[in-house]
Amino acid sequence: MKSGTGELQTIALFGGTSEIGLTILRTFVGPSTERIVLACRDTVSGQTVADTFAEHITVDVIEWEARDLAAGPNIISMLGDDNRDVDLVIIAAATLGEQSAFDADPVLAGEAVVINTASPIATLSATASQMTAQGHGNIIVLSSVAGVRVRSDNRVYGASKSGLDSYALALANELDDTGVEITVVRPGFVHGRMTDGMKPAPFATDPATVASATHNAVAAGRRVVWVPRVLQLVFAVFRILPNSIWRRIRR
Amino acid sequence: MSSGFTQVSGWGQTSPARTFLRDAQSVKELHNVLTSVGRRGAIARGLGRSYGDAAQNSGGSTIRFTDRSFSFDADRGVVTASAGATFDDIMTQIIPHGWFVPVTAGTRQITVGGAIAADVHGKNHHHDGSFGNFVHSISLLLASGDVAELDRSSHHDLFFATIGGMGLTGVILSATFDLLQVSSAMMSVRTERHGDIDSLMESMLRNDSAFRYSVAWVDGTATGKHLGRGVITHGDHASSDEVRSNHKRPSDYRSPTTIDIPPFVGAARSVRRSTSLLFSELWYRKAPKLREGQLVSIPSFFHPLDGVGHWNRLYGKNGFVQHQCVVPLDRDDVIRSILQRVSSDRPANVVNVLKRFGEGNDAHLSFPQPGWTLTVDLPVTSQLSTTLADIDEMVSSAGGRHYLAKDATTGSHSIRGGYPRLGEWQHIRHRVDPDQRWQSDLSRRLNLCATLKETE
Ligand SMILES: Cc1cc2nc3c(=O)[nH]c(=O)nc-3n(C[C@H](O)[C@H](O)[C@H](O)COP(=O)(O)OP(=O)(O)OC[C@H]3O[C@@H](n4cnc5c(N)ncnc54)[C@H](O)[C@@H]3O)c2cc1C
């Protein structure tokens with residue numbers, strides 16, 4: 001349950017070692033937080049992360065494979081079993097991949113879409129019904145500006161985020177008036193582990209900035225958050241560029 | 001997806017719940033409501049004067065038992081009331097006959113069900129104990145749909161689990177309780193002003209046993225050598241001799257009228273720091289250094305806040321937390337530390353109440369235990385959760401506890417530490433509600449109804 005000062009008691013993160021996901025999560029941790037669930041593939045790293053939280057918090061590190069579509073919903077239903085509510089679910093797991101690798105191995109391309117789209121949709125769907133029954137809850141979905149208009153040199157990742165982004169927004173409409181709120185986060189290039197060694201795109205940002213912008217958006221009840229903000233303008237232009245120009249845009 | 005849900009909150013207006021709010025006027029209607037209660041369960045609600053999330057149930061049902069009837073034996077001084085009967089109605093009826101409720105909270109706008117479920121205490125706790133002490137019997141609707149008649153000899157464990165049980169053992173249908181005989185509708189009051197907390201506490205310890213009622217208002221804005229300055233009021237029901245010159249007989253009692261704060265006020269403005277400084281200064285200055293034998297009316301002695309309806313809206317849309325704890329008598333240092341913590345945050349704080357509690361009772365979750373109880377009103381701000389976490393730590397490590405009827409923020413481990421009989425209570429509860437039909441936001445937040453394996 002939320003406390004009277006709006007603090008969250010139970011928070012679950014899918015992609016339990018995700019740098020952005022964790023940075024966002026930490027902005028919501030306060031004296032009233034009692035339980036954190038880290039769903040991750042690599043439970044050894046997950047445990048290292050778990051040890052960084054204050055002692056009064058129970059951190060459950062749960063092994064979770066995004067390609068197993070039943071795994072996310074199972075964790076959500078397990079969380080609902082003990083009569084204590086889930087206040088916030090952050091869906092952050094994703095794979096970026098190299099377009100050239102996807103071209104070389106079509107199965108890999110398909111798998112990326114399972115991880116970036118199918119799996120989050122399954123988890124979102126389970127979370128939405130559970131939170132609707134609770135009568136309250138917040139969900140944060142990590143999307144990307146790459147999904148707003150998909151570039152050809154990034155088409156697998158971009159298309160997979162585009163699918164997730166539109167599903168999340170449509171679900172948010174469906175959840176109107178249920179007490180459940182969804183915030184979709186659209187960062188640009190984020191310096192960090194996932195992009196290590198890559199040449200930064202213009203308007204690059206960092207996990208801390210994404211996290212504080214997300215926190216503020218959730219507090220204000222905003223559905224979509226662009227980080228940095230200027231990308232909303234940039235993409236307003238990109239969206240209306242004629243395809244003859246857009247198709248030549250590379251990062 | 002959302003049909004039939006209403007938003008409700010406690011008196012502090014924090015964490016509102018979307019809940020299926022249902023009224024039942026009779027036991028038959030209650031049974032009907034119960035048949036449609038789902039996995040999120042149900043909780044009873046009285047007049048919603050608890051401050052936090054005790055009388056609400058997000059995603060589930062919140063049931064108001066609206067039968068307000070009661071009967072009154074004017075010879076023996078005994079009332080048998082439906083759980084929905086209000087203290088306001090009861091007092092209006094009984095005072096003219098020379099009787100008074102044995103315990104009254106700081107507001108008349110509470111129900112008999114709410115008074116039992118929170119085992120409310122008043123300014124006479126050091127003298128008489130809490131409301132549960134005066135209750136003979138309770139009629140309780142169980143999760144099974146059966147009605148149990150509870151008293152000190154039959155089902156005594158469930159009787160005591162229900163007093164202070166925050167609605168989590170079932171829906172109280174009615175109860176019988178004793179009244180206190182009085183010979184006037186006036187209070188004889190002694191007022192003392194003290195320049196600091198030490199002198200205030202010392203005087204309270206020395207003098208409160210000579211009075212039935214005793215309480216202190218403490219200035220939460222005062223710091224340094226004025227820390228905890230305040231005003232003690234002691235009182236007794238005035239004798240007929242004392243009021244003769246005044247012509248106030250019990251039969252002169254009327255339930256007073258109120259003015260109301262409209263909803264838009266909270267949205268527009270809230271209590272400011274400057275207002276609270278001004279209020280506190282005036283309140284302190286207006287009190288005499290010492291005044292004895294002053295006659296005041298029952299409402300102005302017991303329920304000054306009832307004169308303004310919905311005064312809670314003055315705190316603005318984020319609401320406020322009313323924090324109430326009790327610490328052992330020899331830990332008066334904790335009271336000082338809390339006041340220091342509160343005044344250093346410089347909040348817009350006006351209502352702080354200090355009192356000495358007497359003996360507790362046999363109810364497992366009854367709040368009062370011997371010691372100092374301090375109540376502070378704190379508007380919700382971004383720093384509040386840290387302040388409260390610090391205060392809770394002080395309270396817990398001193399062996400103190402928090403009042404569930406006011407709580408909105410405490411962690412479950414503080415509650416477990418503060419209420420050593422919680423496990424025993426959970427066993428009794430589990431016996432009568434194995435399927436967790438009774439649930440509230442409070443019970444979920446504090447894990448009060450933990451399945452037994454978790455607590456063993
Ligand atoms: C201005 C003010 C001053 C106050 N002063 C004091 C004080 O001096 N001392 C004190 O002890 N308290 C005080 N309180 C708190 C108040 O007395 C308690 O919270 C009381 O329980 C409120 O009664 P209610 O009818 O509004 O119940 P609610 O707030 O609606 O419910 C309180 C609890 O009682 C349960 N409940 C209600 N009806 C039933 C029922 N029929 N069957 C089973 N459970 C039920 C609910 O589930 C909930 O857990 C004060 C509150 C205010 C607003």
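Colleague: How many salt bridges does the rule find across the interface of chain A and chain B?

Modeller: Two, in this predicted model.

Colleague: What makes B:R444 and A:D85 a salt bridge?

Modeller: The closest N and O atoms of B:R444 and A:D85 are 3.7 Å apart. The cut-off for Arg nitrogen to Asp carboxyl oxygen is 4 Å, so the pair counts.

Colleague: Which helix gives the largest share of the side of chain A that touches chain B?

Modeller: Helix α5 of chain A, residues 106–134, with three residues. By class, that side of chain A divides into 13 polar, eight charged and four nonpolar residues.

Colleague: How many residues are in contact, and what area is buried between chain A and chain B?

Modeller: 25 residues of chain A touch 28 of chain B. The buried area is about 2000 Å², and carbon and sulfur atoms give 51% of that. The rule also finds eleven residue pairs in polar contact across this interface, both residues at pLDDT 80 or more.

Colleague: Now the sheet in chain B. Why are β16 and β21 called edge strands?

Modeller: The open sheet has eight strands, in the order β16-β12-β14-β13-β19-β20-β18-β21, with antiparallel pairing. β16 (290–297) and β21 (401–402) each pair on one side only, so they are edges.

Colleague: How do you know that β18 and β21 of chain B pair?

Modeller: Pairing needs at least two bridges. β18 (residues 320–327) and β21 have two, in the antiparallel sense, so they qualify. B:V326 has B:R401 of β21 as its bridge partner.

Colleague: What confidence does the predictor give?

Modeller: Chain B averages a pLDDT of 91, and 95% of its residues score at least 70. The complex has an ipTM of 0.90 and a pTM of 0.94.

Note on methods
Residues are numbered from 1 along each chain as its sequence is written. Chains are lettered from A and ligands numbered from 1 in the order in which they are written. This is a predicted model: local features need pLDDT of at least 70, side-chain atom pairs count only at pLDDT 80 or more; totals for chains, interfaces and linings use all residues. Side-chain values use heavy atoms; hydrogens and water are left out. Contact means heavy atoms within 4.5 Å. Buried area is the accessible area (1.4 Å probe) that two parts lose on being put together, summed over both. A salt bridge is a side-chain nitrogen of Lys or Arg within 4 Å of a carboxyl oxygen of Asp or Glu. A polar contact is a pair of N or O atoms within 3.5 Å; within protein, one must be able to donate a hydrogen and the other to accept it, and residues adjacent in sequence count only if both atoms are side-chain atoms. Helices (H or I, at least four residues) and strands (E, at least two) are DSSP runs, numbered from the N terminus. Ala, Val, Leu, Ile, Met, Phe, Trp, Tyr, Cys and Pro count as nonpolar, Asp, Glu, Lys and Arg as charged, and the others, Gly among them, as polar. pLDDT is the predictor's confidence in each residue, from 0 to 100.
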